[in-house]
Structure formats: C-alpha cells, structure tokens
Amino acid sequence: MATTFADQLRSLPDEALGGLLQLRPDLVVPVPADISALAVRAQSRGSVARCLDGLDEFTLTILDAARVTRAADTALTSVDAIVALATGVAEEDVRVAVDRLRVRFLLHGPPEALQVVSAVDEVTSPYPAGLGRPADYLDPYAATLVADRARLRRTVLAAPPGARAVLDRLAAGPPVGSLNRNAGEVAEPIRWLVDEHVLVPISEAGRAPRADGELVELPREVGLLLRRDSGPLGALRPFPPIPDATVRDMKAVDSAGAGQTMEAVRAAEAVLEALAAEPAPMLKTGGLGVRDLKRLAKAAGLDEAGAALMIEVAYTAGLLGESETSVHRAPGAVQDIFLPTGAYDLWRAAGMAHRWTALARAWLIMTRQPGLVGKRDERDRPINALAPDAERAGAPQARREALDALAELEPGAAPTVDDLLALLSWQAPRRARGRELGHRDGYAGAALLGITGLGAVTSYARLLLTDPEVTESDPLGLHPEETPADAVRALDVLLPAPVDHILVQADLTVIVPGPPEPELAGELDVIAEPESVGGASVFRVTPASVRRALDVGYTATELHALFRRRSRTPVPQTLEYLIDDTARKHGGLRSGSAGSYLRSDDEALIAEVLSEKRLITLDLRRIAPTVLVSPRPVARLLGALREAGFAPVAEDAGGAAVLTRPKARRAPSRTPRIAEPAGPPTLFGPRLAGVVEQLRRGDVATRAARRAPVTVRAAQGQAVPGLTAVQQHSQAMAVLQQAVRDRAKVWVGYVDSHGATLSRLVRPVSLSAGYLRAEDERGESLHTFALHRITAAVTEE
C-alpha cells in the first residue's frame, strides 16, 4: 500500500504536489528526503490528525461516509457510493467535498476505487457518522436478524415505548450505551432489545461479544433503518450557518471602537501608574494577589476581569516586569515586586494610536488566558493574574479563530457570541471542541480593547488582523511589510487630535478637551490632580499640586505663565492667589543633614515648628534662634513637616535650594514573550517551488542509489546486505582510468554540493586536472565531477 501511495504522489505534476504541501504544510517540516518519505509522513497519525483539524463539519461527514461505504473484502469505496449515501444534499456539493479530501490525500486512488488513509481510523471515532459496526462483526444472531429486512422492521415496530426511546437515542449516535442490571425500569427495555438481538452486548474494549458485558452496541444496519427520515448520515449542512446578525454602519462601529481604544490605553496607563506609586508584591506561587488586583481595578475604574486583562497585556507587551526590594521585617531578605519597566516611559511618550497598537498586538500573541483569572484550577485553588496557572499554549490560536470568524462576515455584522460559536463549531469541529472558553474570552477581550465596536470588527482592526504578504523580492519573508503601520494610520484618522491647551474654571478645575499632547500631559501630572478621564479629562489644582510643582523647580512666575499660555479661558484670580500664597510659604523652611537641620530667617516660624506636637518624633533641638537640628534623615524631616502643613525646601552645603523631581522606580526591561506559531507557515511562491524541486531531486537520487551496485552503496554509507568492504579512493581512480581507456560505463558514487550522496551511471571521457568528465547517455549531457568528491566507482555489469 505504501508503494502505491508513494507512486500516486510521484505521478502528480509539480502544481498538484505544491498544492498538497500548501494544504498540509506540516509534511515538509523538515523537508523529507524523497517522495517515499513524504508518503510515509502523509499517512502518519500526527499529520492526518492535523489535517482533519482544519476540515469543516460537512467534509468530515463525507469522510465518514467514505469509511462507512468501504467494501468488507477490499476496504475500497467509490465516489458514487459516497454520493448515494449522502442523501438530502446536492450531488455537486458532495463531489466538491470528496475533491477536498482527495487533494489532501485523505482519500486516494481512482474515483471507482478510493482508499481511505489508514491513519484516519486511528485518529477519529470508531463509529463513523455515529453508526455502529456491522451486525455480522458483532453477533451472528444480530446478523441473521438484519439479513431479513422485513423481520427487522417488524421487530423495531414491536419495540415497547421505552425500548424505542433507547433505539432513537442510540441511532442519533454514538451507538454505544451502558447496560445496568440494577436500574429497574430502565434496564427492562434494554434487556428486551438485547433478547431480540437488536442490541448486542460488547466488552469495554468494544471488540469481542460478552454475555455479561456492561456495554451494548446498536448494529449499523439497525441505525440506518432508524435514520430513514433524517438520512443515513443524519442532518447534513454543506454550507456554514451564517449568523442572523444586525449589520451596523461602519462609521458608527469605528467611532465606538476608537472611543474604546482611548479608554483601553487610559486604563492600562492607570494600572501601571498605580503600580509605580505602590508596587505589588509577587505571591510565593507566582502572580498578583487578589487584594492588589482589586486595588488596581479601582484605580483604573474597571472590574476585576478588565483589570486582569490589562495587567496581562501590559506584561506581555513588556511594559510591566519584576524587580526586587528589601524586606523591612527581615534584614538582608529580598522580595519580588511588580513594577513598570523602562519601556513604559517610551510607550507613554508615543501617540495614542501607537500605544493602542502595542497593546493590541501583545493581546493577539500572548499565551495567557485572562478569562481564567478568578476561577479555580483542578485543585480548587484560585487562579491569580500573572500566575503560571493562566498559561494556555492554544490561547493565541483560539483568539485568532474567534476574530477571523467575525471578520469574515459582512462588514459591520454584529452577531451574538452564541451564533459565532456555532459558526466556529461548523468550520472546524475537531478544533473548536474544548475551546469555547477561549473563544468567549477572545470576544470579551476584543470588545474591551476596542478591536470590535458595537459587536463588529472595526476597519483599523481588520488591518491589524491581516497577515503581511511576502513579496517576490523577499521570498524568505524576512522583512514583511509593517501591517500595524496601516492600522496606526487608520486609527489616527478616527481619534481626536491631541490638544495643547486647557480650560481653567473658576472652581480651580482644569478641563482638557481631548487627549493631551505628551508635553501637556507631563505638565498636568505635576501641577494638577486628576479627577476624571475620558474624551475630555478633568483635573483640579490644589495647594498640594502647586507645592509639588514648586518642589520640582517651577517658580510662581513660571506657573502663572504656564497657565496663561495653556488656558483658552481667563485664568481666575483664585488660582493666582493660590499660587502666590503657596509660593510665599514655599521655601520658608530649609533643611539639611546633620542628621538634619532646619533653619529659617523667621524666628516665629522656628518657634511654631518647635512647639508643634505632631513633630515630637523628630526630636528637634534649637541650637540658634533661627536653626533647629534633628537626628532624623532629611527625607523623613521633610516628609513630617509637609504632613504637618509646612512647606520646607531642602538645601545643599552651600545653602542653595535643592529642587528635584521624585525618581520613578522601574523594573528591568524585559523582552516580550512571543507566542509560537500555531502550526507551520504556509508555503507559496519561490519557497514552495524550491521545496518541490528538492523533493524531486531527492527522489531521483534515492531511486538511482537503489539501482547502484552494492559496492557503491556501501561506499556511500548505505545499508547493504552482507559484508562489503568500502572501496578505497585509489581503487576508484584506477577503475575510472581503465573506463576512460575502454570507453566503458561505470557507476560513480559522489557527494554533491548540498552534501547529499548520489550515484550516476556515466561513460568517462577524460580524467585530468582534478576533474572527471563523463557522458550521461540517458540525459544526453556531459557531467563534471571533482575527484575529491567521488566516493566509489564500479564498472557496469
């Protein structure tokens, strides 16, 4: 059989062989040595299973029809037999499905004698189309019953109601049920069916009949009789179930999606800023604690599921990482914490569309399933964000399948999730089995990130989902077109333009009428406190925010100028008074290290500080009318004074004010983890032609090697029967010299430029200058062999 299968592959034209490799790319990973090796691989369990995983429900049902219609003696079927069994659908649809199986070589041979690849039976259900095995295989009494069609119909019609219900259930498939002797009323109908030989007891292995077996099987002939209304193969659906979806206007879809992208970027930034302000410790088992997740969810204005998604995406994108910190309670001990990385600062400085694209691409490739966070594992332990338990290797593929199914619908189509899952189940039932949670998680994440809007795929997300095509100038695909750049441009058009101005209100609120430019965003972080974010953000200027601006180096004059330059509304007097009052107090106290000291030209202010009860823990001591000292560090002294309502400023040894921006802690930069491809890439163009050529060349070399004499094959290291001495190089040269003189044909074994060992029957012409020149009469061509590459030479017998 293997030789016949290989011969069929060998007889294919290059276009058909290349088509097979495109449909089943795993066959050339790595590239087989020849066509025979390709045939063996094409019939292997793993390759057949991968091929079946990509077939739709109707094609798999037609494959079951081919299995059912095989002859018992030859194991062959035909296209006509398959068409006859597939009732209720157009003959053309059945033949198209058969062609899909034949081009993939799951069925091979002529149309009147098709053979199913043996591995199909090994990787699929033992009950094709939900039908049991033939009665003559199961039991001789059952075979006698089904042989008499009239008697079989009378027996089925005479079945009691309970027995008929059992028959209908088994006829729908699978055809195997359990036989429980202690089930009372349930066991009696089954016992009647067994006594009438309509059901056959089988062993647990499902092979040999057993009188006291715990399983019963419905013979195939009985199942076909019971399916007379629905058809032998059941209800057939040659076309996918197109969801009855609401079609929304694409402009509304894009607008809704663009708004959600802004919200997603804002939420990711809020989560990372909250971690920068208060790093979260890593659990001993890995991941983020439940309390920290709730804190981050509150900071971002999301529910816990949404916060978990943002954390996982930020980690995959390389914006979040781990660092170490010392443990106060245990000197010398360290603890891992989660912190934003250095890449976060670069990401934050980029445009809105670029920031969203980084998050969306990370979500598409990450091998994490955020939907599992909050659920329990098999040991009934909660699954935490960033914990190893949320790792799923198939998550990227499930996410892609869900989005591709939605993107293939009419633009603007917004079906329900259940309808989409039904469509996925038809498109690839074997692959969709067990992935429902991953598909639902994909749709939820797409909605939260703005990949979908109003339930439909946005236009910019379609550009992001489109795989870059490899051009002829880049056949290896090393430098594909940057498709995300197209998505960035499309999203930029939809997003509101960044603004460089603010609107200051009389109640000291600051309205930003759009996404702020990076420079304005940096200024707002210093001079105001955020109150609400969205399309238009609201901030508030407070004494603490003004003091913070003065601490980092702004003067009162610069703050007045900043608000006048940025505000499109008149700056209220209350804001000017607030800035002036805070600046007047700012720097009135100066601290340094002694431990630390505190000085002021205002003796009354020094006396006030010394009498403040909240500062007793600083152990302040007056050493001059205008100077206090403390054994505490400067940082603690400044913090305590500010908490007590004072506005001190640090100074250096020369008395100059030290104005510094607080240093942001960052985790070490990390390389985002890229998901491994779900399968081998599809070949096309020059790469496909090269693989086909390599297979043909290897096949020719293999067949030539089989015809070569034993001596040549042994010299090339091939296995030969018996003991054969490897020919020495000098002996081979002597044979070639004699062949030149006698004009005799010789078998030449040599190593080609690719390192492969080949054999060729040639007539030597000359032997000089380190080369052998010889004629190949079959190809009517002249060949030149480097003498150092020749491994053997044997005269033709």
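Reply: Buried means under 20% relative accessible area, and in this predicted model that cut-off can be applied to S596, a residue found in strand β19 (residues 596-599).

Me: By that cut-off, is S596 buried or exposed?

Reply: S596 has a relative accessible area of 0%, and is therefore buried. Leaving aside neighbours within four places in sequence, S596 is in contact with residues including L628, V629, S630 and P633, while its side chain reaches the backbone oxygen of R632 at 2.7 Å.

Me: How should I read the crossing of helix α16 and helix α17, and at what angle do their axes cross?

Reply: Angles of 65 to 115 degrees count as roughly perpendicular. Here the axes of α16 (residues 290-300) and α17 (residues 304-316) come within 9 Å and cross at roughly 95°, so the two helices are roughly perpendicular to each other.

Me: Which residues of α16 and α17 meet?

Reply: From α16, L293, K294, L296 and A297 meet E304, A307, A308 and I311 of α17; sorted by class, this contact has six nonpolar and two charged residues, with no polar ones.

Me: Turning to the sheet, what is the order of its five strands, and which of them are the edge strands?

Reply: The order is β26-β25-β24-β23-β27 in an open sheet with antiparallel pairing, where the edge strands β26 (781-786) and β27 (790-795) each pair on one side only. The twist from one strand to the next averages 45°.

Me: How many bridges join β24 and β25?

Reply: Strand β24 (residues 757-768) pairs with strand β25 (residues 771-776) in the antiparallel sense over five bridges, and S768 has Y771 in β25 as its bridge partner.

Key:
Residues numbered from 1 in each chain as written. Predicted model: local features only at pLDDT ≥ 70, side-chain atom pairs only at ≥ 80, totals over all residues. Heavy atoms only, no water. Axes fitted to C-alpha atoms, helices over the stretch in contact; angles between N-to-C directions. Helix = DSSP H or I, 4+ residues; strand = E, 2+ residues; numbered from the N terminus. Parallel < 35°, antiparallel > 145°, perpendicular 65-115°, else oblique. Contact = heavy atoms within 4.5 Å. Nonpolar A, V, L, I, M, F, W, Y, C, P; charged D, E, K, R; others polar. Pairing = 2+ DSSP bridges. Buried < 20%, exposed > 50% of the residue type's maximum accessible area, 1.4 Å probe, protein only. Polar contact = N/O pair within 3.5 Å; in protein donor to acceptor, adjacent residues only side chain to side chain.
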